[in-house]
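Hi,

Here is the model I promised to pass on.

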Amino acid sequence: MALRRIYGTETEYGIIHRGVKDSNPISASSFLINAYLSKTSEPGVGPNSPRVGWDFIDETPGIDIRGFAPVGSLPPEIEPNLVNAVLANGSRYYVDHAHPELSTPECLDPLSLLCWDRAGDEILIKSMSAANEALPDGEELIVYKNNSDGKGNSYGCHENYLISRETPFGRIVQHATTHFVTRQIFTGAGKVGSEAIGEKRMEIPFQLTQRADFFEEEVGLETTLKRPIINTRDEPHADPLKYRRLHVIVGDANLCEVSTFLKLGTTGLLMAMIEDDFLDNQLKIANPVHALQQVSRDMSLKAPILLEGGKTATALSIQWELYERSKKYLNEFGSENVGGESVIKVMDYWEKILSALTSNPDQLFGFLDWVTKKNIIDSYRDRHELNIDDYKLAALDLQYHDLRPEMSLFSRVSTEKIVSTEEVALAIENPPEQTRAFFRGKCLQKWPENVLVANWDSIVFDTGDQNLRRVPMMEPLKGTAQHVEHLIDSCETVIELIESISETIE
Amino acid sequence: MAESEHKKRKTSEIDKSEIEATEPTPARSEELSSELDELLDEIDEVLEENAEEFVKNYVQKGGE
């Protein structure tokens, strides 16, 4: 039986610093995040509260999963110049290489994750205004939610799916590859031009995805060079005997909620079908790296993809097939472990989007990023009678992803909304209730001065006495509102909390 | 997460009557050109002044 799925995303944002001669993206990213942390009234990161940093300690698999270990030698490995904060909504907000990056808290279904992913974007928007208030006149920080600078440099929007350690990795590779190649027809954020090696930029006036140009391998550990379609990083941030985390690096960052929701929801369903060995070998793609770029460049959605054994199928027909199999799977196994009720909504959108892609993709303006962007660019070009290589078209592409509400082209389109503004506003300040992120977020809200550092699978408390106390959280399904809300509410001090948990465990 | 409205549904079957996604209809497609027209009018006001310089200066190294 498939595991209860845990979902998460990590988004690297593009950043530029205007009004300075030699801008440095690392210090710009630090400034951006620090401005948010200083400005916000959020508990745990407010101006009068100590910042709560990220704990880099490498958890040893299999030990310390119960009770507390006095910690005397915590390595304070936080690099002093690189911000790395934990927010009270359970997110991690930090500088990664030369970008601001936000990792959502662990969510139990794709709808919740959509909500916290959107909250992440709002946090970046708030960060920009905080930073720009603090910058001297004439300077400005601007953040973009995209994945490419158009010059061969890419940055990621990674997805995470917790899966069973028992599932054979080969099975995951085969079926996930088929899905990743073909789901581009609804996950693509659209891009003007090519950045593939050996291809001239304007040989490809427009393609479905930002990322397809950057993938050169089928399977591997890399994320920055020779990127693989299936990434093998094995860092479950949970009990490694039970779990594996599939770290998906091949997707685009989306602005359209439907694109994000379907990207997460369909992939979660696929993982369940893989765990329950529900799929056969009919849809194995013969040359995945080639097919990834082929699909991204095929605006007709009709290009035949070569399958192993010699047959061909279009990306659209493969997605229809995966949709049908998911429907059968849900009828047989139920939706409990793949995200419950929100998966019904995934199926609903999946069917509607595939139908519209089959009949007339332009109907999906406001539903899918690539369709929305393509329509803006095509009609702008027609109106002004521009050549395909006009810089204005590349500028439109970039500006679609500009997160400044007044400058973003995306925000000027009336798009399909799946989560409400109120739900997103709550998710900026509060953790999801159904995973351990709840414990992390609530402790930060209630005892910010006592949380020394935190990470995905533990929190270190400074109780004021001699010992620091580490609370391990190796099980993502524990520490939920149902488990600990009453306890946290009933404890006045963090010492009370720790003693109560300790008693529960003993 | 709007749980109240979801709890009504059974988890093991897909009930078409409760589907909430907006249907992308051909009618919507006809509205598209007028929506795009309005959008294009606005775009010229907000589009980065020097498109070439903007595009050339947008460089993002050190990802992932």
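Let's start at the contact between the chains: in which segment of chain B is B:Tyr58 found? B:Tyr58 sits in the segment after helix H3 (51–57) of chain B; helices here are DSSP runs of H or I with at least four residues, strands are runs of E with at least two, and both are numbered from the N terminus.

Before going on, some housekeeping. This is a predicted model, so local features need pLDDT of at least 70 and side-chain atom pairs count only at pLDDT 80 or more, while totals for chains, interfaces and linings use all residues. Residues are numbered from 1 along each chain as its sequence is written, and chains are lettered from A and ligands numbered from 1 in the order in which they are written.

Back to B:Tyr58. This residue counts as buried because it has 22 C-beta neighbours inside 10 Å (buried is 20 or more other C-beta atoms within 10 Å, exposed is 12 or fewer, partly exposed is in between, with C-beta atoms placed from the backbone). Leaving out residues up to four places away in sequence, B:Tyr58 touches A:Ile16, A:Asp149, A:Gly150 and A:Leu398; a contact means C-beta atoms, placed from the backbone, within 7 Å.

The whole contact takes 57 residues from chain A and 38 residues from chain B. On the chain A side, the elements giving two or more residues are strand S2 (14–18), H2, helix H7 (315–333), helix H8 (341–359), helix H9 (369–384) and helix H10 (391–400). H8(A) gives the most, with eight residues. That side divides into 23 nonpolar, 19 polar and 15 charged residues (nonpolar is Ala, Val, Leu, Ile, Met, Phe, Trp, Tyr, Cys and Pro; charged is Asp, Glu, Lys and Arg; the others, Gly among them, are polar).

How far to trust it? The predictor gives the complex an ipTM of 0.89 and a pTM of 0.91. Chain B has a mean pLDDT of 71, with 59% of its residues at 70 or more (pLDDT is the predictor's confidence in each residue, from 0 to 100). Confidence in chain B is lowest in helix H1 (residues 3–7), at a mean of 39, and highest in H3(B), at 96. Over residues 1–19 of chain B the pLDDT is below 50, though this stretch has 23 contacts in the model beyond near neighbours in sequence. Where pLDDT is low, the predicted coordinates should not be read in detail.

Now chain A, which has 14 helices and 19 strands. Of its 506 residues, 55% count as buried. Its C-alpha atoms fill a box of roughly 70 × 60 × 40 Å along the principal axes.

The largest nonpolar core has 146 residues, and A:Leu141 is one of those touching the most other members; a core is a set of buried Ala, Val, Leu, Ile, Met, Phe, Trp, Tyr and Cys residues joined through C-beta atoms within 7 Å. Helix H2 (residues 110–134) of chain A gives the most to this core, with 11 residues. Beyond residues up to four places away in sequence, the contacts of A:Leu141 include A:Ile15, A:Phe31, A:Leu32 and A:Met128.

A:Asp277 has a phi near 50°, a positive value in a residue other than glycine, and lies in the loop between helix H5 (257–275) and helix H6 (288–297) of chain A. With 11 C-beta neighbours inside 10 Å, A:Asp277 counts as exposed. A:Leu301, also not a glycine, has a positive phi of about 60°. A:Leu301 is partly exposed, with 16 other C-beta atoms within 10 Å.

Cheers

How values were computed:
Contact = placed C-beta atoms within 7 Å.
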